[in-house]
Amino acid sequence: MKLFYCSDFDQMSKKAASVVASQVITKPDSILGLATGSSPLGIYRELIERYNRGEMSFKNVTTVNLDEYCGLSPDTPQSYHYFMHRNFFDYVDICHDNIHIPNGLNEDARAETARYDALLNKLGGIDLQLLGIGIDGHIGFNEPSDYFPKGTIHIELDESTIEMNSRFFQSIDEVPRYAYSMGCREIIDAKQIIFIASGKSKAEIIEKAFFGDITPKVPASLLQIVSDKVLAFCDRDALSVVIENHPEAVIGL
Ligand code: GLP
């Protein structure tokens, strides 16, 4: 795994966005796996700027999002549909038929997970996956568990995730208890993974994920087995524990 030191959120976003931009410029019909949360916001802003400067186009790009809350309609501000449109899709020339996000309103979990699996299968592989991490080590919404899920999952969210994500809702009671998520195995099957993390709250889990045991108790630890295709961009705060214990592993320190 290449673990790049970034001085702050802005530098992290710019460096990671450069990789995404290179991917799209060199392969205009790329399949991008996209993520939500606060971490990728700067990347989306940077990509929009590059698009506005005429440096790139998303016309032929296909996107598949990692996850979506169950029970939220696409026009609910906290839904990941809304997030993606408001923070990225509405500002670039992506073709709306090429945007894919799990349907949180489908109450038939078996049908929805099968639909998303079939879609991923049909697309034939993600070229580049953008990936953040939850403070409990989750990727997408693959929460700590006894096994690494394969295939799209319908998952009950952990209390720590509900609490952490409640900052986007009026109250913690409004946070959905369930979500759909791409499985861990599909995430690591991507040809390239851009991992991003910012802030002190991620420092301990990043050390565990990258330097601890590979265990489904820390879903992000699975990245270690595909380390050759992971480029991780983390800011100083997120890297603070790694810098203390494994400074030799950090590029650009
Ligand atoms: C949510 C998303 C994850 C994301 C995580 C971290 O739980 N499902 O994909 O990585 O939040 O979010 P943030 O970037 O806001 O810390």
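In this predicted model, C70 touches G104, H154, P176, Y178, A179 and Y180, leaving aside residues up to four places away in sequence. This cysteine sits in the loop between strand 4 and helix 3 (80-87). One of its contacts, Y180, is 110 residues away along the chain, yet the two C-alpha atoms are 6.6 Å apart in space. With a relative accessible area of 15%, C70 is buried, because the cut-off for that class is under 20%.

A35 is found in the loop between strand 2 (31-34) and helix 2 (41-52). Its relative accessible area is 3%, so A35 counts as buried. Beyond residues up to four places away in sequence, A35 touches P40, Y44, N65, L66, F83, M84, L130 and L131. For L131, the separation along the chain is 96 residues, while the C-alpha atoms of A35 and L131 are separated by 5.9 Å.

The largest pocket has a volume of about 420 Å³. Strand 4 (67-69) and helix 5 (159-165) are the elements that give two or more residues to its lining. Helix 5 gives the most, with four residues. In total, 28 residues line this pocket, and T36, G37, I133, H138 and K202 lie nearest its centre. Sorted by class, the lining has 12 nonpolar, 13 polar and three charged residues.

Around the ligand there are 13 residues, of which S38, S39, D67, R167 and K202 come nearest. For R167, an N or O atom in the side chain is 2.8 Å from a ligand oxygen. H138 has a polar side-chain atom 2.9 Å from an oxygen atom of the ligand, and for N165 the corresponding distance is 3.2 Å. H138 is also among the residues that lie nearest the centre of the largest pocket. K202, likewise one of those central lining residues, is among the residues that come nearest the ligand.

Helix 7 (residues 203-211) can be described through its buried residues, which are A203, I205, I206, E207, A209 and F210.

Apart from residues up to four places away in sequence, R236 touches Y5, C6, S7 and I243. A16 lies 220 residues from R236 along the chain, and the C-alpha atoms of R236 and A16 are separated by 15 Å.

P144 is placed in the loop between strand 6 (128-131) and strand 7 (153-156). Is P144 buried or partly exposed? At 26% relative accessibility, P144 counts as partly exposed, because that class lies between 20% and 50%. Its contacts, not counting residues up to four places away in sequence, are D136, D158, P216, K217 and P219. P144 and T215 are 71 residues apart in sequence, and their C-alpha atoms are 8.7 Å apart in space.

Methods:
Residues are numbered from 1 along each chain as its sequence is written. This is a predicted model: local features need pLDDT of at least 70, side-chain atom pairs count only at pLDDT 80 or more; totals for chains, interfaces and linings use all residues. Side-chain values use heavy atoms; hydrogens and water are left out. On a 1 Å grid over the protein atoms alone, a cavity is a set of points where a 1.4 Å probe fits but cannot get out, and a pocket is an open set with protein on both sides within 12 Å along at least five of seven lines; lining residues have an atom within 4 Å of a point. Grid points are joined across faces, edges and corners, and a volume is the space filled by probe spheres set on the points. Ala, Val, Leu, Ile, Met, Phe, Trp, Tyr, Cys and Pro count as nonpolar, Asp, Glu, Lys and Arg as charged, and the others, Gly among them, as polar. Buried means under 20% relative accessible area, exposed over 50%, partly exposed in between (1.4 Å probe, protein chains only). Contact means heavy atoms within 4.5 Å. A residue is near a molecule or strand if one of its heavy atoms lies within 4 Å of it. A polar contact is a pair of N or O atoms within 3.5 Å; within protein, one must be able to donate a hydrogen and the other to accept it, and residues adjacent in sequence count only if both atoms are side-chain atoms.
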